[in-house]
Amino acid sequence: MSPQSDKSIQWRSIHKSEIEEWRRQFEELKDFAIRAGFSQEKFETELAQLIDDADLRDFWFFANSYVNTHRGTKFSKFLNEAISEIRSFGIVEPSRRNRLIKSMKTTRRKVESRKR
């Protein structure tokens, strides 16, 4: 399931008002960040606070961290696509959301097992 799938597009059309509210909040934060001189990291942190879903917010931090440390991999490209989707819409179609959360948990588990 991708953000361009028919299922995701239909789901977003149903939740249009939530997405419009997200975009309004995003623009307000962006304007404030420019005036306040936020760094990109500070802006990303503040943006995460606008994400209502705690699991999706956790995914946001994980994905940004992973992409910054593992550039150019297939998985980082997958995460980058998800980051862009969250940034654009603020929400993710539920089955895609579950896939993203599962990917995050699997990756964390693999990283932890390598440390032992």
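## Helix 4 against helix 5

Helix 4 and helix 5 pass each other in a left-handed crossing. Bear in mind that this is a predicted model. The two axes come within 9 Å and cross at roughly 135°. An angle over 145 degrees would count as roughly antiparallel, so helix 4 and helix 5 are oblique to each other.

On the helix 4 side, the contact uses Leu56, Phe59, Trp60, Phe62, Ala63, Asn64, Tyr66 and Val67. Helix 5 (74-89) answers with Phe75, Ser76, Leu79, Asn80, Ala82, Ile83, Ile86 and Arg87. By type, that contact splits into twelve nonpolar residues, three polar and one charged.

Zoom in on Leu79: beyond its neighbours within four places in sequence, it touches Phe59, Phe62, Ala63, Tyr66 and Val67.

## Helix 4 against helix 6

Helix 4 (residues 54-69) also meets helix 6 (residues 94-115), with axes that come within 10 Å and cross at roughly 55°. These two are therefore oblique to each other, and the crossing is left-handed.

Helix 4 brings Asp55, Leu56, Asp58, Phe59, Phe62 and Tyr66 to this contact, while helix 6 brings Arg97, Leu100, Ile101, Met104, Thr107 and Arg108.

## The nonpolar core

The largest nonpolar core has 24 residues, and Leu47, Phe59, Trp60, Leu79 and Ile86 touch the most other members. Helix 2 (16-36), helix 3 (40-48), helix 4, helix 5 and helix 6 each put in at least two residues. Helix 4 gives the largest share, seven residues.

Terms used
Residues numbered from 1 in each chain as written. Predicted model: local features only at pLDDT ≥ 70, side-chain atom pairs only at ≥ 80, totals over all residues. Heavy atoms only, no water. Axes fitted to C-alpha atoms, helices over the stretch in contact; angles between N-to-C directions. Helix = DSSP H or I, 4+ residues; strand = E, 2+ residues; numbered from the N terminus. Parallel < 35°, antiparallel > 145°, perpendicular 65-115°, else oblique. Left-handed = near helix turned anticlockwise from the far one by under 90°. Contact = heavy atoms within 4.5 Å. Core = buried A, V, L, I, M, F, W, Y, C linked by side-chain atoms within 4.5 Å. Buried < 20%, exposed > 50% of the residue type's maximum accessible area, 1.4 Å probe, protein only. Nonpolar A, V, L, I, M, F, W, Y, C, P; charged D, E, K, R; others polar.
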